[in-house]
Amino acid sequence: MTTKLDYGSTDLGDAELDARFEAALAEAREGSAVLPHVIGGAADGRGETFVREDPCAPGTVVSTARTADAAVVADAVAAARAATRGWRTTSPADRIAALRQAKAGFTERAAELAGVVSAETGKTRLEALAEAQEAADLVEHYCAEMERNGGFVTPLRSAPGEHNTDVLRPFGVFAVIAPFNFPVALAVNMAAAALVTGNTVVAKPSDKTPRSTALAWEVLGAALPAGALNVVHGGAGTGRELAGAAVDGIAFTGSAAVGWQLVRELGQGAWARPVLAEMGGSNPAIVTATADLDDAANGIARSAFGLSGQKCSACRRVVVDRSVADELVAKLVAAAEAIVVGDPADPRTGMGPVADDAVARRIDDALTAAARDGRVVTGGRADELPGNTYRPVVVTDLPLGHPLTREELFAPFVTVTAVDGFDAAIAEANAVDYGLSAGVYTGDEEEKARFLDEIEAGVVYVNRRAGATTGAWPGIQSFCGWKASGSSGKGGLGPWYLPGFMREQSRTVAG
């Protein structure tokens with residue numbers, strides 16, 4: 001793929017890439033052979049099969065995989081353990097070289113990856129192709145971070161007759177539990193970071209996207225020694241088996257309930273094991289009386305409705321000064337209603353269906369509550385379209401503190417709360433357990449400074465038309481959740497993620 005995309009892109013502008021994506025999507029929708037586990041470099045066919053249907057065509061199976069039980073997980077962990085010494089003693093330069101071979105694979109197979117992602121998630125071509133691009137950029141970013149930090153070897157002051165160094169060393173075997181919403185990029189994010197730092201990996205794709213993530217890890221693992229990257233498929237049960245296995249740490253992206261349970265579980269025992277968890281958010285966009293309302297409406301719509309709102313950084317809540325609330329809502333509704341909803345095979349489509357029936361039930365319940373307790377200004381089920389497809393939802397007039405303004409719905413659904421003044425806006429923005437991303441639109445320099453100082457979120461944006469709360473990219477923004485949104489205080493995509501996969505060792509060598 002030669003066209004450079006990111007999550008701020010608004011147009012593909014490449015007829016050849018359009019055609020390649022459409023061909024890849026059509027091929028992906030024809031289904032695949034049963035996906036095996038990969039243990040020690042070999043395919044493993046144990047376990048009952050499960051299927052993933054195309055969210056745009058319920059009943060059409062696009063992927064089939066097998067469920068790993070405790071024995072399969074244990075074998076995968078044993079294979080990873082057997083490979084640890086060989087991989088950790090491989091020089092950082094050679095590990096980097098191996099991963100950069102994988103980077104080239106992500107670039108060469110971008111359309112194929114995007115087609116499978118779209119078939120399993122309903123993601124549009126712009127979003128799916130950008131995700132394939134992000135996977136390549138993530139690999140490069142972590143390779144460059146290893147080089148920039150000299151392999152994380154730091155000289156210390158040495159006494160006469162002694163040589164002293166400080167070294168960050170891999171923990172050993174990391175479990176990687178990937179989400180469905182970015183089944184390529186976030187799977188690569190965690191696995192590549194663990195691998196480049198010298199850990200071996202046992203990785204589990206989401207059971208909603210087994211084919212996408214398996215393909216990503218096939219590309220990543222092609223240049224690695226056998227056992228360095230092992231893959232086990234399955235749902236929540238397999239995840240529990242992996243979390244309970246003899247791993248040295250876990251990298252996880254998913255719900256706060258599951259992520260914090262992992263933190264508690266791995267904190268028990270004779271010593272705590274690290275859990276690097278990114279766990280979503282209820283992300284606010286503040287719009288003040290001095291804001292450019294066109295920029296605000298555009299940025300909020302892009303963040304709230306991209307990938308049908310199924311992004312952990314999606315804008316969930318708008319907190320707007322009452323003096324401009326009506327005008328902002330009118331502009332936001334216009335932006336929402338301009339989005340074409342449908343099948344990603346259609347190049348005009350700007351939003352596809354949600355992932356499955358479980359998400360749809362939550363949206364239907366939320367729409368009922370919104371109509372009862374507030375006002376649904378626009379949006380709802382698109383009953384004429386197949387699958388669980390919705391038009392973007394904008395809700396106003398909910399009471400302050402209503403559950404729909406506090407919880408993470410993971411849907412194309414945004415609430416608008418009017419407040420009086422900046423103090424009230426900051427208080428409302430911070431009045432949730434989450435702290436992933438947040439944005440502000442203001443023309444007042446003091447309000448900008450106060451937002452940056454007082455907002456309780458790790459990824460923040462000021463006056464960003466391309467996305468109020470979304471759009472982080474490797475090496476450009478870090479993805480660092482605060483409060484319930486992150487377990488480590490550090491985030492992927494940035495300069496402080498890799499040290500989380502390593503522990504410190506001070507070395508004194510005499511003579």
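Two strands are taken to pair if DSSP finds at least two bridges between them. In this predicted model, strand E13 (residues 315-321) and strand E16 (residues 413-419) meet that description, with five bridges in the parallel sense. Val318 has Val416 of E16 as its bridge partner, and Asp321 is bridged to Val419 of E16. Strand E16 is mostly covered, with six of its seven residues buried.

These strands belong to an open sheet of seven, ordered E14-E15-E16-E13-E12-E18-E19, in which the pairing is mixed. The edges are formed by strand E14 (375-381) and strand E19 (459-462); each has a single partner strand, so one side of each is left without a neighbour in the sheet. From one strand to the next, the twist averages 15°. Helix H15 (residues 445-454) lies across strand E12 (283-287), strand E18 (437-441) and E19, and the angle between H15 and E19 is about 175°.

A second open sheet has three strands in the order E5-E6-E21, and its pairing is antiparallel. Strand E5 (153-155) and strand E21 (502-510) stand at the edges of this sheet; because each has a single partner strand, one side of each is left without a neighbour in the sheet. On average, and with direction ignored, neighbouring strands are turned by 20° against each other. Strand E6 (residues 162-170) is joined to E21 by nine bridges, and the two run antiparallel. One of the residues involved is Thr165, with Arg507 of E21 as its bridge partner.

At the level of the whole protein, the division is into domain 1 (17-279 + 488-510) and domain 2 (283-462). The centres of the two domains, taken over C-alpha atoms, are separated by 31 Å. Contact between them involves 22 residues of domain 1 and 25 residues of domain 2. An area of about 1,700 Å² is buried between the domains, and carbon and sulfur atoms give 60% of this area. On the side of domain 1, the residues that lose the most area to domain 2 are Cys56, Thr124 and Glu127, which together account for 24% of what that side buries.

In soluble globular proteins, nonpolar side chains tend to be buried together. The largest nonpolar core of the model holds 95 residues, and the members that touch the most others are Phe106, Trp217, Leu220 and Phe413. Residues of both domain 1 and domain 2 contribute to this core, so it lies between them. When neighbours within four places in sequence are left aside, Leu220 is in contact with Leu99, Ala102, Phe106, Val139, Ala191, Ala192, Leu195 and Leu229. Another core, of 28 residues, lies apart from the largest one and includes Leu242, Val247, Ala256 and Ala277.

Methods. Residues numbered from 1 in each chain as written. Predicted model: local features only at pLDDT ≥ 70, side-chain atom pairs only at ≥ 80, totals over all residues. Heavy atoms only, no water. Helix = DSSP H or I, 4+ residues; strand = E, 2+ residues; numbered from the N terminus. Axes fitted to C-alpha atoms, helices over the stretch in contact; angles between N-to-C directions. Contact = heavy atoms within 4.5 Å. Core = buried A, V, L, I, M, F, W, Y, C linked by side-chain atoms within 4.5 Å. Buried < 20%, exposed > 50% of the residue type's maximum accessible area, 1.4 Å probe, protein only. Domains from an automatic or database assignment. Buried area = accessible area lost by both parts, 1.4 Å probe.
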